[in-house]
Amino acid sequence: MELKLTITAKQREFIKATAREVLFGGAAGGGKSRGQLTDALLYALKYPGSKQLILRRTFPDLERSLILEHLSFYPLKNGIYRYNSSTHRGTFKNGSTLEFGYLDNEMDVYQYQGAEYDTIRFDELTQFTEPMYLYLISRLRGVNTYPKQIKSSANPGGVGHIWVKSRFVDIGPAGQVHTVQTETGKPSTRIFIPSRVTDNKALMQSDPEYIERLEQLPEKERRALLYGDWDIFDGQFFGEFRREKHVCKPFAIPAHWRRYVALDYGMDMLAAYWIAIDERSRAWVYRELYEGRDNGKGEDGRGHIIPAAARRLLEMTPPGEKIYCWLGPPDLWNRRNDNGKSGVESFAQNGVYLEMASNNRVAGWRAVHEWLADSQDEHGDMVPGLRIFDTCPNLIRTLPAVQYDPRNSEDVATEPHELTHAPDALRYFCISWTSPAKPPEQKEHTILDYFKLRDAPADPLGLGDDIVVI
């Protein structure tokens, strides 16, 4: 029997991906579910007796999407493939099986206790919780030599948006395999393969008005489903953040730009940002220090005590780089019970002289909004007041991830706590008074300087230093 399959370039990339964990997704209509089913079919045919599990969050979703679609192109003739609707299991002539399942709640994972699969597939991964995903990883095992993978597809949004983004999107550039440390401490590999509706040529031909319908959605849904934007979700506090607009490639900061350092300090995390102000009062976040007790760079596993924190701040500041102001949170001015000193005194004794930033949270977050907003530049283009070098990954990761405080819509939620350190440091800068850089002064040259530049005899006309050349 001849089997004809048509796939997109992105689906091919997904099928050929060899990383332990693979995420295929982004925009709606990118052919993700079809890619999953095609990959599952090819895997089953290639590896006789293999076992695969493919999951959706609810049975109605499973039935009206994956089950119906796979029956439209799987080889049902000649007994090559049979599907049992009562057990939701497909069986191939070579002994391979494809099981269709769903997880209504986190307790449902235990129905797979003791099961073994060569490949586990999550369709619409952002609809699942992280504990569901982590438990099912433990079912990925077997005595054969077949490749063992978790292969998922997803759109931005949903209950699992943040953890999926953190696990796949924030680890590095898309389309590249990244080696990461898993929850068990062992290394593994992950890859994110982005897709857009324009990658799906078949859909574009059969339904050319699909993009137009997506464009009519509200902004958040449009950005997520049409553009595959992972930096937006329900409850997001900084909805105006755009990676393509607020993040830029590094460049050499001019020496005359006014430089600030804003930091958020605690024993669990030291987050600090070097920020330069140009002549038009635009801010450029150009350096990041983000170290805590969990990354092995603190002392005795406790995170940074103040002397170590000050040392790291100074180590990160090149010799000769003039910092106009070091900004710290007000709680560093509180005196400690153990030695009567304040945190700011300890920083000063170790060479970092801090000025107090306001801790008015509502006003501070409002200031961050204002810095992120667009204004007209010298060319008439609308550009944001603050941009971030792409060498500051933790600020880029956490700023769009923080959510509204459910008790105060003008404040940021303090949980998850790990997300708050970098935005807090940025807030201390944004609420503080800053002034633009002064253009470097034009040096005045005398007529003698002019003759020297021209290799002429010194003062051939006897003019002295009375004539100035601008």
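Predicted model: local features only at pLDDT ≥ 70, side-chain atom pairs only at ≥ 80, totals over all residues.
Entry on strand S2. I looked up residues 51-56, which form strand S2, and found the strand mostly covered, since 5 of its 6 residues are buried. Next I wanted to know which strands pair with S2. One is strand S5, at residues 97-102, which runs parallel to S2 and is joined to it by 6 bridges; in this pairing, leucine 53 stands opposite glutamate 99 of S5. Another is strand S6, at residues 119-123, which is also parallel to S2 and is joined to it by 4 bridges. There I found that leucine 55 has phenylalanine 122 of S6 as its bridge partner.

Entry on strand S18. Which way do the residues of strand S18 point, and are they buried or exposed? In residues 386-389, I saw Leu386 and Ile388 pointing one way, while Arg387 and Phe389 point the other way. I recorded all four residues, on both sides of the strand, as buried.

Entry on the partners of S18. I then turned to strand S13, residues 283-292, which pairs with S18 in the parallel sense over 3 bridges, and I noted that alanine 283 has leucine 386 in S18 as its bridge partner. Strand S10, residues 247-248, also runs parallel to S18, and 2 bridges join them. In that pairing I found valine 247 opposite isoleucine 388, a residue that I had already listed as buried.

Note on methods:
Residues numbered from 1 in each chain as written. Heavy atoms only, no water. Buried < 20%, exposed > 50% of the residue type's maximum accessible area, 1.4 Å probe, protein only. Pairing = 2+ DSSP bridges.
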